[in-house]
Amino acid sequence: MKSLLTSMFLVCALALTSSVSAQINLGKKIKDRAVQRTDQGIDKGLDAAEKDIKGENKDDKAKTDDAAKKEAENPSDANKESVKTDTLKKEQPALQTYSKYDFIAGEKVIFYDDFSQDAVGDFPVLWNTDGSGEVVTTNLYPGNWFSITNARSAVTLLEPLDLPENYTIEFDVIPQKDPNNFNDSKFYFYLISTPQPKNIGYGGSRPGATGICFDFAYSNYYSTYYADGSPTLDGNTQEFKLVVDKKYRISIWVQKERIRLYVDENKLWDLPKAMSKNYKYNMIRFQDGRPMFTNIRVAVGRPDMRSKLITEGKLVTYGIYFDVNKDVVKPESYGTLKEISKVLTENPDVRVKIIGHTDSDGADAANLDLSKRRAASVKDELSKNFGIDASRMETDGMGETQPVAPNDTPSNKALNRRVEFVKL
């Protein structure tokens, strides 16, 4: 009996020992597998690092890039919508932000100066000053610029203007700091009627003069004055401040007593009774500060686009702008393009040919190619941004072959740089 109990005890002990041993071995195995997996992960990381060092992963990356390229060129059905969405995002029209910009440049250019006829370092030949200034170039913006170097001077045209009731004035400007006045970057722009238009010291609020002054400073300000004793108008806005060393496009639109002023796409002022109806304005004047300016364009008459295109069959516009040697339509063209699109929308059966023209600067072949590309860009803008069916528009370019004025002065060259719409 004792022997039997001893045998049973030994069997139970062996079973218990086997069970415990099994549990211990299982735990060890789990731990060993975890360590093994960790080691495998580390090994993979080390392998990848080693391949990078040896350059072997470049082949794998190339295969991945090739697959991505093939997918982009021939997208699967699942990815076609994604590709389409991304494409639409990239093709968002640049002029959409200018939808409220209603400025339309005058039809007939009566003065233009980009200082291209002046040597760098000289005072420009068409201007006068009681201070100092010179023509310069910059590392940021192309072309020649007139830099006013005496911050307490006035600058006017050498010859007075003869401005009618309706006209536009445009110029590019780069505000500069005045180191002698707490780094103030402000400057004044005057539009004046004066009995002494060649007297640079005459103007402002002197007796016999009428005008309006725009103060471009930390807070923009305007003020009018009248020779007949009418009450002065003035006001200011905090909505837009000019930044030093940044280029802006200033556009001024006068219609009888009304004057509107835009800075880039922003309408800063719209004053219905600021201009005196009893006086002819004949002087533009920059005063104080040290701005640099160029591309001064003065033009008269609002173009009757509907009559020109539909009735006469040909519309010549100077209100579509491009940078030098570029074919991208500039944002300040929006108002003109919008009016042309209205005419085409209201006359859905009309088809047109858009023809680009250049001045004679540069090689003939380059100008011909540039004029064709500019016409194509105008078509694209009208189609993408204004919904005009592209099939209604043809394009062509004449380069410099059909001038409407001699290419001898900046004003005449500006007349030759144009876009024509011909009714088909």
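At a relative accessibility of 1%, Phe286 counts as buried in this predicted model, because the cut-off for that class is under 20% relative accessible area. Phe189 is likewise buried, with a relative accessible area of 1%.

A pair of aromatic rings is described by the distance of the centres and the angle of the planes. The structure holds 20 aromatic pairs. In one of them, the ring centres of Phe187 and Phe216 lie 5.0 Å apart with the planes at 25 degrees, so this pair is stacked.

The rings of Phe189 and Phe286 have their centres 5.2 Å apart and their planes at 65 degrees, which means that the pair is edge-to-face. This pair, too, links distant parts of the chain, since Phe189 in strand 7 and Phe286 in strand 14 (residues 283–287) are 97 residues apart. Phe189 and Phe286 also belong to a cluster that is linked by ring pairs and that includes Phe111, Phe115, Phe123, Trp127, Phe146, Phe171 and Phe293.

Arginine side chains also lie over the faces of tyrosine rings, as listed here.

| Arginine | Ring | Distance from the ring centre |
|---|---|---|
| Arg249 | Tyr321 | 5.5 Å |
| Arg285 | Tyr190 | 6.0 Å |

Methods:
Residues are numbered from 1 along each chain as its sequence is written. This is a predicted model: local features need pLDDT of at least 70, side-chain atom pairs count only at pLDDT 80 or more; totals for chains, interfaces and linings use all residues. Side-chain values use heavy atoms; hydrogens and water are left out. Rings of Phe, Tyr and Trp (its six-membered ring) pair if their centres lie within 6.5 Å; planes under 30 degrees apart count as stacked, over 60 as edge-to-face and the rest as tilted. Helices (H or I, at least four residues) and strands (E, at least two) are DSSP runs, numbered from the N terminus. Buried means under 20% relative accessible area, exposed over 50%, partly exposed in between (1.4 Å probe, protein chains only). A charge sits over a ring if NZ of Lys or CZ of Arg is within 6 Å of the ring centre and within 35 degrees of the ring normal.
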